[in-house]
2 protein chains.
Amino acid sequence: MTYRLYYWPGIQGRGEFVRLALEAAGAAYEDVAREGDDGEDELVRDWMRKDRPRPPFAPPYLEDGDQLIGQTATILLHLGAKHDLAPKGEADRLWGHQIQLTIADLVKEVHDTHHPLGGGLYYEDQKAEAKRYAAGFREERLPRFLGWLEQILTHNIGSDWLVGETMTYADTSAFQVVEGLRYAFPKAAGRALAKTPRLVALHDRVAALPRIAAYLSSPRRIPFNEEGIFRHYPELDD
Amino acid sequence: MTYRLYYWPGIQGRGEFVRLALEAAGAAYEDVAREGDDGEDELVRDWMRKDRPRPPFAPPYLEDGDQLIGQTATILLHLGAKHDLAPKGEADRLWGHQIQLTIADLVKEVHDTHHPLGGGLYYEDQKAEAKRYAAGFREERLPRFLGWLEQILTHNIGSDWLVGETMTYADTSAFQVVEGLRYAFPKAAGRALAKTPRLVALHDRVAALPRIAAYLSSPRRIPFNEEGIFRHYPELDD
């Protein structure tokens, strides 16, 4: 069974959290808008279909047989259970999901550092506002999110991972956040990560997993760029 | 077993989605910061504890015996399963959660209409930016979110509810969103809701459920106000 992932072809974005889980699982998937003949057109056409009883609100969404699943965190809940990438047991499973949703909140705030007035305006038309938003993000929010992940790792004694004893999608997502923050805010992320050595070690551990290492050095991994969520605008870093 | 809900005592906010589920279930719960002797101080003290292996990132969070669950959508996943408020079957369960996460995205955008530059600044210090953000929200995003819910209801033929045949937490959450939007944006929400009659009917159906009706007319329901997420600032509605 080959999954079909619907996401924008030119960016990592939110779809990357799904790609990393699929790669970590060694699952077969088609990245529809990247591999199909019609590229982004196929994605948009599929997304806009009006006949679906369970329409996805926005990409990314995943087709698994006759099931169509939207919302990054829901997709990970589904893949986690199927591919041994979720914690075992109901309480641990919920806790892993809680971490994922908090990472999703962080990702939304990262997006808002360059688009505080909304996605309907260009960055150039909200640059001054982006600077004000980004200052609060760098000084308050970024250290708080990363410190929270560090606290979790500190308390998960004897384990190399965020939840329980084994690697889960919460770990691949934490890896991605560290990668993205280092790209977008090299200065501010450097300062914050200097205080979260366990999170940095977790990042390195995920990066060294054979399947993840192979993915990262493959053409399937889209480089960060200024169309995605993690964008490097030097004026927003300090 | 009495649940303990930790949330800000003076607002509906994100905690209200949890309160509505608890009330719909007829579950016993203590709203800690509202009912305890120490009010908000108890919430803040508890939230800031550094000894927790699984710390909640932010209120609301729910104590269920020795389990502490944060993130509104995770709490609802937990309560839904325990109190017959979630869809049955794995695919339906995921679909209900996907709706909840999309409602959460809408709620975050509502928050950002009055705080586009972040929670660290007062509304008064970002009023001009709020006007620009709110315009895009009213014209683009609000109709799109509500239209998406309407499409779901249209396709769930023969049912009065969003998912399957029975009422779930997705329905109480959709009710709350309609209530909040009508309070915050009476003009814009009125226009959008005129095009979503099934969503309006769903709202009315939830409001008429005996337990919900009793809750809404009780002092436990905090009135909307300008400290919460849904705030009525006439200058942001048009």
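# Briefing: core, chain interface and domain contact

Of the 138 residues in the largest nonpolar core, those touching the most other members are Ile99(A), Leu162(A), Leu181(A), Ile99(B), Leu162(B) and Leu181(B). This core takes at least three residues from each of domain 1 (3-82) and domain 2 (90-209) of chain A. A nonpolar core here is a set of buried Ala, Val, Leu, Ile, Met, Phe, Trp, Tyr and Cys residues joined through side-chain atoms within 4.5 Å. Buried means under 20% relative accessible area, exposed over 50%, and partly exposed in between (1.4 Å probe, protein chains only).

The model is predicted: local features need pLDDT of at least 70, side-chain atom pairs count only at pLDDT 80 or more, and totals for chains, interfaces and linings use all residues. Residues are numbered from 1 along each chain as its sequence is written, chains are lettered from A and ligands numbered from 1 in the order in which they are written, and side-chain values use heavy atoms, with hydrogens and water left out.

**Core**

- Leu181(B) touches Leu106(B), Val110(B), Phe137(B), Leu142(B), Leu146(B), Pro186(B), Ala189(B) and Phe230(B), leaving aside residues up to four places away in sequence; contact means heavy atoms within 4.5 Å.

**Interface of chain A and chain B**

- Chain B and chain A each give 47 residues to the contact.
- About 4,200 Å² is buried between chain B and chain A, 55% of it on carbon and sulfur atoms; buried area is the accessible area (1.4 Å probe) that two parts lose on being put together, summed over both.
- Four salt bridges are counted between the two chains, a salt bridge being a side-chain nitrogen of Lys or Arg within 4 Å of a carboxyl oxygen of Asp or Glu.
- Glu129(A) and Arg132(B) form a salt bridge through their side chains, at 3.2 Å from N to O.
- On chain B, the elements giving two or more residues to the side that touches chain A are strand 4 (67-70), helix 4 (72-82), helix 5 (90-114) and helix 6 (127-155).
- Helix 5 of chain B gives the most to that side, with 12 residues.
- Helices (H or I, at least four residues) and strands (E, at least two) are DSSP runs, numbered from the N terminus.

**Domains of chain A**

- Chain A is divided into domain 1 (3-82) and domain 2 (90-209), with bounds from an automatic or database domain assignment.
- The domain centres, taken over C-alpha atoms, are 22 Å apart.
- Domain 1 gives 10 residues to the contact and domain 2 gives 14 residues.
- The two domains bury about 1,100 Å² between them, 74% of it on carbon and sulfur atoms.
- Phe17(A), Leu20(A) and Leu77(A) supply 47% of the area that domain 1 buries against domain 2, more than any other three residues.
- Zero salt bridges are counted between these domains, and one residue pair is in polar contact across their interface, both residues at pLDDT 80 or more.

**Backbone**

- Most residues other than glycine have a negative phi, and most peptide bonds are trans.
- The peptide bond from Pro59(A) to Pro60(A) is cis, with omega near 0°.
- Asp84(A) has a positive phi near 60° and is exposed, at 52% relative accessible area.

Technical notes: Polar contact = N/O pair within 3.5 Å; in protein donor to acceptor, adjacent residues only side chain to side chain.
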